[in-house]
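Dear colleague,

Please find the structure below, handed over for your records. My notes on it follow directly after.

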Amino acid sequence: MAAMVGRVCVTVTLLMCVLGGRALDLLRATSGNPASTPAVHCWCASYPNVTLCSWPEPPHSPPTHYVATYSERHNQSVTEPCHLIPPDSSSPALNSSSSVPSEQLWHCQLPTLKLLTDYIINVTAVYSGGSSSHLTSFMLEDIVKPDPPEDVRVSPNNIRDLFLQWSPPCTWANLDIFPLKYQIMYQWETRGTPKSVSLGPIESTKVELKKLTPGRTYLFQVCAMELLGLGKCSNWSSPVNVTIPRT
């Protein structure tokens, strides 16, 4: 839906409402330059204490400043500011690796949120000639996404067997209260055709892989997920390559 207000084009797009607490766009309202509407992505890298939202800086836009606020969906009259973190900041809050490093990203950090509660975050870009806002609703449990496991390593067990080990992400602060489970993927090529196997979920940080093929090179990766299945699995860890020696 579009309308002219003075000499400024105002566009309001109504999107789907919240279903089951999923993170969904609610309303995108633009006055002036629609290309500057922030595309906001939120995730919780350490349940329930570390929640970040991010959006890319528009590459060809006039200078902007941002206003970010959040509220409980059923109590929208009470809003709180979301702490803004500009691109290239050295803030320790950005230890999470879920951001895309190739983009100039703005972030805002939300303090400890209530469990099982719908929230709305409103990010408004203000620029010469207008402003644009992006509203997103989410429930904390739906946006849980740990950082990838760390220090993935392999060690030989015998000629054809390996131990694969890793460490939990250091950003997951409450491992004793909210344990993680893990998924393993290993890949190889057979006559130029990629092959892969997925294992898990498993709750330990060590697994034995048996009867691997001598002379074949394998690539191993691990992802982490909250034990009860909240949210999503992390991004895959950095790959580790190993070639099984020939007998």
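Which residue takes a positive phi in the hairpin of strand 10 and strand 11? In that hairpin, which has two residues between the strands, Gly 129 takes a positive phi near 95°. Strands here, like helices, are DSSP runs (E, at least two residues, for strands; H or I, at least four residues, for helices), numbered from the N terminus.

Please note that this is a predicted model, in which local features need pLDDT of at least 70 and side-chain atom pairs count only at pLDDT 80 or more, while totals for chains, interfaces and linings use all residues. Residues are numbered from 1 along each chain as its sequence is written, and side-chain values use heavy atoms, with hydrogens and water left out.

**Strands 10 and 11**

Strand 10 and strand 11 run antiparallel and are joined by ten bridges; two strands are taken to pair if DSSP finds at least two bridges between them. Within this pairing, Asn 122 has Leu 135 in strand 11 as its bridge partner. Strand 11 (residues 130-139) is mostly covered, with eight of its ten residues buried. Buried means under 20% relative accessible area, exposed means over 50%, and partly exposed lies in between (1.4 Å probe, protein chains only).

Three strands form an open sheet in the order 12-13-16, with antiparallel pairing. Strand 12 (150-156) and strand 16 (206-209) stand at the edges and have a single partner strand each, so one side of each is left without a neighbour in the sheet. From one strand to the next, the twist averages 20°; axes are lines fitted to C-alpha atoms, for helices over the stretch in contact, and angles run from 0 to 180 degrees between N-to-C directions. Strand 13 (residues 162-167) and strand 16 run antiparallel and are joined by four bridges. Phe 163 stands opposite Glu 208 in strand 16.

**Salt bridges**

A salt bridge is counted where a side-chain nitrogen of Lys or Arg lies within 4 Å of a carboxyl oxygen of Asp or Glu. By this rule there are two salt bridges.

Glu 72 forms one of them with Lys 114, and the closest N and O atoms are 2.8 Å apart. This pair links distant parts of the chain, 42 residues apart: Glu 72 is in strand 6 (residues 64-72), and Lys 114 is in the loop between strand 9 (105-110) and strand 10 (118-127). Glu 72 is partly exposed, at 23% relative accessible area, and Lys 114 is also partly exposed, at 48%.

Arg 153 and Asp 151 also meet in a salt bridge through their side chains (3.1 Å, N to O). Arg 153 is partly exposed, with a relative accessible area of 31%.

With kind regards
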